[in-house]
Amino acid sequence: DSVLLFLIIFMWTPPHFWALALWRAGDYQNAGVTMLPVVSGAKETRRQILICSVLLAPLGFTPVLTGLGGIAYAIASIVCGAAFLLLAIQVWREGEAANGYKAAKRLFAFSLLYLFVLFAVLLIEHIVRHLAS
């Protein structure tokens, strides 16, 4: 179970930080920090965000398949995974023309909520199961 939770965080990390880096690319470039948008450009960053998000969405559901997550977690992971994926698609489609990388900012903000919701629901389900037994 701990490996599965690690994998979720591992796959969540790139789109989370790359969305931030895309949104604040100018700041990273000015500071000389070699984040993906600075090194490989915004187009490649958007593509990588989408790839990782496509992998993350089903991975977030796997605790249900192992018995770690219950019905509440199943619902939360489906809804949050779909929202994460839709936001990643918006980032990918936004392109260079968008003013201020608004989609990247939204994905970054939602990614914080995504991880919190998944882990909070797992914790609540675990507590409820423990109290019921």
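Reader: H16 first. Buried or exposed?
Author: Buried. The model is predicted, and in it H16 has a relative accessible area of 4%. The cut-off for buried is under 20%, so H16 qualifies.

Reader: Which helix is H16 in?
Author: H16 lies in α1.

Reader: And what is H16 in contact with, leaving aside its neighbours within four places in sequence?
Author: F108, S111 and L112.

Reader: OK, zoom out. How many helices and strands?
Author: Six helices, zero strands. From the N terminus on, the order is α-α-α-α-α-α.

Reader: What box do the C-alpha atoms fill?
Author: Roughly 55 × 25 × 20 Å, along the principal axes.

Reader: How much of the protein is buried?
Author: Of the 133 residues, 41% are buried. The accessible surface is about 7400 Å². Carbon and sulfur atoms account for 71% of that surface.

Reader: Pick V91. What does V91 touch, beyond its neighbours within four places?
Author: V91 is in contact with L22, R46, I49, A103, A104 and L107.

Reader: Let's do α5. Which of its residues are buried?
Author: Y73, A74, A76, S77, C80, G81, F84, L87, A88, V91 and E94. These buried residues pack against α1, α4 and α6.

Reader: What span should α5 have, and what do its end C-alpha atoms give?
Author: α5 has 24 residues, so at 1.5 Å a residue it should span 34 Å. The end C-alpha atoms are 34 Å apart, which agrees.

Reader: What follows α5?
Author: G95. The phi of G95 is positive, near 70°.

Reader: Contacts overall, then. Of those between residues at least 6 apart in sequence, how many join residues at least 24 apart?
Author: 72% of them.

Reader: Last topic, charges. How many positive and negative, and how far apart are their mean positions?
Author: There are 9 positive and 6 negative charges. Their mean positions are 8 Å apart.

Terms used. Residues numbered from 1 in each chain as written. Predicted model: local features only at pLDDT ≥ 70, side-chain atom pairs only at ≥ 80, totals over all residues. Heavy atoms only, no water. Helix = DSSP H or I, 4+ residues; strand = E, 2+ residues; numbered from the N terminus. Buried < 20%, exposed > 50% of the residue type's maximum accessible area, 1.4 Å probe, protein only. Contact = heavy atoms within 4.5 Å. Areas by Shrake-Rupley, 256 points an atom, 1.4 Å probe, with all protein chains shown as cover. Lys, Arg positive; Asp, Glu negative; His and termini not counted. Charge placed at Lys NZ, Arg CZ, Asp CG, Glu CD. Expected span 1.5 Å × (residues − 1).
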